[in-house]
Amino acid sequence: MATLREAGLGSESPDDIFTWMDDDHLRLVVLSLQAGNDWERLGRLCRTYNDVLVVALLPDDAVTTHVRALASGAVAALPRDAQPSAVRATVEAVIGGRTVLPIDVLRGLTSHRASTSPDAAVPSPRELEWLRHLSTGAIVAELADQAGYSERMMFRLLRDLYKRMRAGNRTEALLLARENGWI
């Protein structure tokens with residue numbers, strides 16, 4: 001917040017982000033992702049407000065964490081411990097209609113295309129619901145409980161789904177689903 005204020009950017013810290021989003025203003029949110037429900041909030045926010053620009057502050061700097069945030073709808077992401085100048089540059093880029101990504105993250109986002117083929121199977125409605133649930137940050141155990149399967153069986157079903165989609169893993173499957181407009 002202090003970094004944004006020092007950059008001359010107004011900043012607020014609303015108690016309820018969804019009520020705040022209903023007001024008329026630039027829809028730029030800097031969202032700190034620390035707990036599982038923060039990931040769910042990110043997915044819900046981006047699904048509910050198509051025009052929202054979310055800069056995600058991540059718990060770590062792993063490529064998979066960046067890709068997960070972007071696949072969930074964030075337009076930019078950086079680790080929570082990023083330098084204030086990096087936060088400022090990222091927010092200013094987003095305001096200007098651009099994003100800033102580490103090269104490894106860009107490669108992580110685009111590498112799934114090489115491993116997917118045009119004949120990838122379209123998931124069933126039930127499987128699409130699973131993918132939607134996973135895109136909110138849910139873990140397989142939660143999905144298994146909701147779907148009525150054991151965790152082990154859910155892993156098997158998802159592995160088979162990813163294989164039919166020609167995706168190497170969950171992240172690739174979610175990116176492919178988002179890219180095709182399935183979720």
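## Terms and model

Axes are lines fitted to C-alpha atoms, for helices over the stretch in contact, and angles run from 0 to 180 degrees between N-to-C directions. Contact means heavy atoms within 4.5 Å. Helices (H or I, at least four residues) and strands (E, at least two) are DSSP runs, numbered from the N terminus.

This is a predicted model: local features need pLDDT of at least 70, side-chain atom pairs count only at pLDDT 80 or more, and totals for chains, interfaces and linings use all residues. Residues are numbered from 1 along each chain as its sequence is written, and side-chain values use heavy atoms, leaving out hydrogens and water.

## Overall fold

The chain has 10 helices and three strands. Along the sequence they follow the pattern α-α-β-α-β-α-β-α-α-α-α-α-α. Of the contacts with a separation of 6 or more, 56% join residues 24 or more positions apart.

Of the 183 residues, 41% count as buried (under 20% relative accessible area; exposed is over 50%, partly exposed in between; 1.4 Å probe, protein chains only). The accessible surface (Shrake-Rupley method, 1.4 Å probe) comes to about 10200 Å². Carbon and sulfur atoms hold 50% of that surface.

## Sheet and flanking helices

The three strands form an open sheet in the order 1-2-3, with parallel pairing. Two strands pair if DSSP finds at least two bridges between them. Strand 1 (28–32) and strand 3 (76–79) are the edges, each pairing on one side only. The twist averages 20 degrees from one strand to the next. Five bridges join strand 1 to strand 2 (residues 53–58). Leu28 has Leu53 as its bridge partner in strand 2.

Helix 3 (residues 36–48) lies across strand 1 and strand 2, at about 165 degrees to strand 1. Helix 4 (residues 63–71) lies across strand 2 and strand 3, at about 150 degrees to strand 3.

## Nonpolar cores

A nonpolar core is a set of buried Ala, Val, Leu, Ile, Met, Phe, Trp, Tyr and Cys residues joined through side-chain atoms within 4.5 Å. The largest has 19 residues; among those with the most contacts inside it are Trp130, Met154 and Tyr162. Helix 7 (125–135), helix 8 (140–147), helix 9 (151–165) and helix 10 (170–179) each give two or more residues. Helix 9 gives the largest share, six residues.

Met154 touches Trp130, Val140, Leu143, Ala144, Ala147 and Tyr149, not counting residues up to four places away in sequence. A second, separate core of 15 residues includes Val29, Leu31, Trp39 and Leu42.
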